[in-house]
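Q: I am new to this structure and would like a close look at its inside. Please walk me through what is packed there and where space is left.

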Amino acid sequence: MTIKISKLFLFPVKSLRGIAINQAELTETGFKWDRHWMIVKPDGGFISQRGRPQMVLIHTQITEDALILSKEGMDNLIIPLNDKNKSNDLPLIDVKIWRDQCKAIDEGETASQWITKAIDSPKTLRLVRMANGHNRPQSEPDLLGEKTHTLFTDAAPILICNSASLDTLNHSLSKHEINPVPIENFRPNIVIEGISAFEEHNISGLKHESYELKHCYPCQRCVVPTINIDTATRHPKQEPFSLLAALNSMPENKKVPAFGENAIVQKGLGKSIYIGDELKAL
């Protein structure tokens, strides 16, 4: 069975718009620069599209030396990559993502003002990056392995989705006279083609001559895929949530939809992954 990578995505800032890319460097926390930044409230708790769907209207870009955020009607926000990433002398702040307490670096007042305005928040928000050398506590060691660490992802370092699964979902949406959804709604890092719909849950991993990815468990979906990425509005019937649950549910809960596989880099840290890579199912 030959499987091919058809798309790759990078999400530098948690819950902001992602970037379609041609290649990525594999690290122990996933793609380099993926979910390296997060937006937090005054108490250090993170915010996401679940409560702030308008976050999807903020676009991201990574250059050789900067993270660039943009939104229609606003000047770009430019965050240098290296000056804070390499510093061990900057004050750290405590932030929280789900159950995990993490150390982070605040990107400063200009970034705070820009983000607060872009999201139209009544409370001041902060843009933070994971502190250099900080290892986020592992919430799912039984599923992801005790040595696996992530930055600001919800769960695993990498999310793998199958284009055939999206085609099946969109066919169901069409039958119910609902507009199709793009793969970006599911915020994958890797999109594959060459296997049947939802077959990604029945293989243990993907192997390339330079790297190996291990499938750990299905990705349980929340309301984020119901948000239109161009308008930041939720579908009035919260679709494709229920239709996806009918097609492909979590093993332990038939009312909750699954889409994609949470994965880790089993072999090949430091190697690059490319669109067009041919893989073998394990």
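A: Let's start with two tryptophans: Trp33 and Trp37 are both buried, meaning under 20% relative accessible area with a 1.4 Å probe and protein chains only, while over 50% is exposed and anything in between is partly exposed. This is a predicted model, in which local features need pLDDT of at least 70 and side-chain atom pairs count only at pLDDT 80 or more, whereas totals for chains, interfaces and linings use all residues. Residues are numbered from 1 along each chain as its sequence is written, and side-chain values use heavy atoms, leaving out hydrogens and water.

Rings of Phe, Tyr and Trp (its six-membered ring) pair if their centres lie within 6.5 Å; planes under 30 degrees apart are stacked, over 60 edge-to-face, and the rest tilted. The count comes to four aromatic pairs. The ring centres of Trp33 and Trp37 are 5.7 Å apart with planes at 20°, so this pair is stacked.

Next comes the packing. A nonpolar core is a set of buried Ala, Val, Leu, Ile, Met, Phe, Trp, Tyr and Cys residues joined through side-chain atoms within 4.5 Å. The largest one has 43 residues, of which Phe31, Ile39, Leu69, Leu127, Ile190 and Ile273 touch the most other members. Helix 2 (residues 109-119) gives the most to this core, with five residues; helices (H or I, at least four residues) and strands (E, at least two) are DSSP runs numbered from the N terminus. Leaving aside neighbours within four places in sequence, Leu69 is in contact (heavy atoms within 4.5 Å) with residues including Leu16, Ile58, Trp114 and Leu127.

Now for the space. On a 1 Å grid over the protein atoms alone, a cavity is a set of points where a 1.4 Å probe fits but cannot get out, and a pocket is an open set with protein on both sides within 12 Å along at least five of seven lines; lining residues have an atom within 4 Å of a point. Grid points are joined across faces, edges and corners, and a volume is the space filled by probe spheres set on the points.

The largest pocket has a volume of about 840 Å³. Of its 40 lining residues, Arg50, Asp154, Ala155, Cys219 and Gln220 are the closest to its centre. Strand 15 gives the most to this lining, with four residues. The search also finds one cavity of 30 Å³ or more; the largest cavity holds about 40 Å³ of space, and Phe186, Arg221 and Leu244 are among its lining residues.
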